[in-house]
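Student: I would like to learn how to read the features of a model like this one. Could we take them one at a time?

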Amino acid sequence: PPKDWRVWAGLTYPGSSLPNAMVQLSPITEYGSGAGYEYEDSVIYGFAHTNKGHWNLCHVPVLPITGSPNMGETYGSRFTHEKESSAPGYYQVYLEDFGVNVRLTSTLRAGFHEYTFDKPEGRKVLFDLARSNHGVRDWAIRKVDTNHLAGVQVVGGDSIFFYASTNTTIASLEVTNEGARDGNAVLELENGGDPITLKIALSFTSEENAKSNLRNEIGDKSFEEIKKEANDVWQNLLSGIEVTGGTERQKELFYSSLYRSFLPL
């Protein structure tokens, strides 16, 4: 950016999305800051599933953690750009305070998380459903069975239903002050050294529709399969225009703008 300009002024986000998708899975470094991500920041508070680079959305934020957050506590982890990478349909970052490498990819209506914890014990996921870029009126979450969760976040006049599955057995789900602005939910997973996968689909209609979106768009596919599908979609779309001449900087600006033009406004 020009000298002394803050990078966040562009209201863009580094997370994963497909062209014209419902889901934009992206890190949150500050709520109420447009895209929720400011390059100058050093703490990530969650990974939200909707983002328009504007002053709303950032729905259903989750965060892999260790330890137990207190009621109403702002829980997050430091990160550095040296351990962060991004591409259309993919995002990666290492959470320093929790010792977790996070990889994200997505489909039209679902987010796919992969968490690799440094230690096999104490692996948890915070569902910070009391937070979004718009005032949360209500929220709820429940354990469906040993590997599935479901819930809703009510923001403004919208109800965002979600259905989630994990490859690791759920040891417990501790919900504190459900529906309240100082509440949260902590998912504790069984100990183990393998990466945790968390698949979360959304629906603005119903929980059953969110479940259907998860089944139809991800199902039993692996993280690498969904990541490749996302990459192929963007590659096929962006390669439809080829430019010649100009500087490398001008080409970067052109293709960055072309990419952003296919994200929701």
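Student: Which side chain meets that of Glu217 in a salt bridge?

Tutor: The model is a predicted one. In it, Glu217 and Arg109 form a salt bridge through their side chains, at 2.4 Å from N to O. Glu217 belongs to helix H1 (residues 207-217) and Arg109 to the loop between S9 and S10, so the pair links parts of the chain 108 residues apart.

Student: Are the two partners buried or exposed, or something in between?

Tutor: Glu217 has a relative accessibility of 12% and counts as buried, while Arg109, at 32%, is partly exposed. Salt bridges can also share partners: Arg103, Glu114 and Glu224 are joined into one network in this way.

Student: How many salt bridges does the structure hold?

Tutor: There are 11. One of them joins the side chains of Asp97 and Arg78, with 2.5 Å from N to O. Asp97 sits in the loop between S8 and S9 and Arg78 in strand S6 (residues 77-78), so this pair ties together parts that are 19 residues apart in sequence. Asp97 is partly exposed, with a relative accessible area of 34%.

Student: Which residue does Lys83 meet in a salt bridge?

Tutor: The partner of Lys83 is Glu96, and the distance is 3.9 Å from N to O. Lys83 is partly exposed at 40% relative accessible area, and Glu96 is partly exposed at 30%.

Student: Back to helix H1. Which of its residues are buried?

Tutor: Begin with the general idea. An α-helix has 3.6 residues a turn, so residues three or four places apart point the same way. In H1, the buried residues are Ala210, Ser212, Asn213, Leu214 and Glu217.

Student: What do the buried residues of H1 pack against?

Tutor: They pack against strands S10, S14 and S17 and against helix H2. Just after H1 comes Gly219, with a positive phi of about 55°.

Student: How many bridges join S10 to S9, and how many join S10 to S17?

Tutor: S9 and S10 pair in the antiparallel sense over seven bridges. Asn101 stands opposite Thr116 in S10. The two strands form a hairpin, with three residues between them. On S17 (residues 196-203), six bridges join the strand to S10, and the two run antiparallel. In that pairing Ala110 stands opposite Ala201 in S17.

Student: Over how many bridges do S13 and S14 pair?

Tutor: Strand S13 (residues 148-155) and strand S14 (residues 158-166) pair over eight bridges, again in the antiparallel sense. Val155 stands opposite Asp158 in S14.

Student: What about backbone angles: what is the phi of Cys58, and where does the residue lie?

Tutor: Cys58 has a positive phi of about 60°, although it is not a glycine. Its place is the loop between strand S4 (46-48) and strand S5 (62-65). Cys58 is buried, with 0% relative accessible area.

Student: Which value does phi take in Val60?

Tutor: Phi of Val60 is near 50°, a positive value, and this residue is not a glycine either. Val60 lies in the loop between S4 and S5. With a relative accessibility of 0%, Val60 counts as buried.

Terms used: Residues are numbered from 1 along each chain as its sequence is written. This is a predicted model: local features need pLDDT of at least 70, side-chain atom pairs count only at pLDDT 80 or more; totals for chains, interfaces and linings use all residues. Side-chain values use heavy atoms; hydrogens and water are left out. Two strands pair if DSSP finds at least two bridges between them. Helices (H or I, at least four residues) and strands (E, at least two) are DSSP runs, numbered from the N terminus. Buried means under 20% relative accessible area, exposed over 50%, partly exposed in between (1.4 Å probe, protein chains only). A salt bridge is a side-chain nitrogen of Lys or Arg within 4 Å of a carboxyl oxygen of Asp or Glu. Contact means heavy atoms within 4.5 Å.
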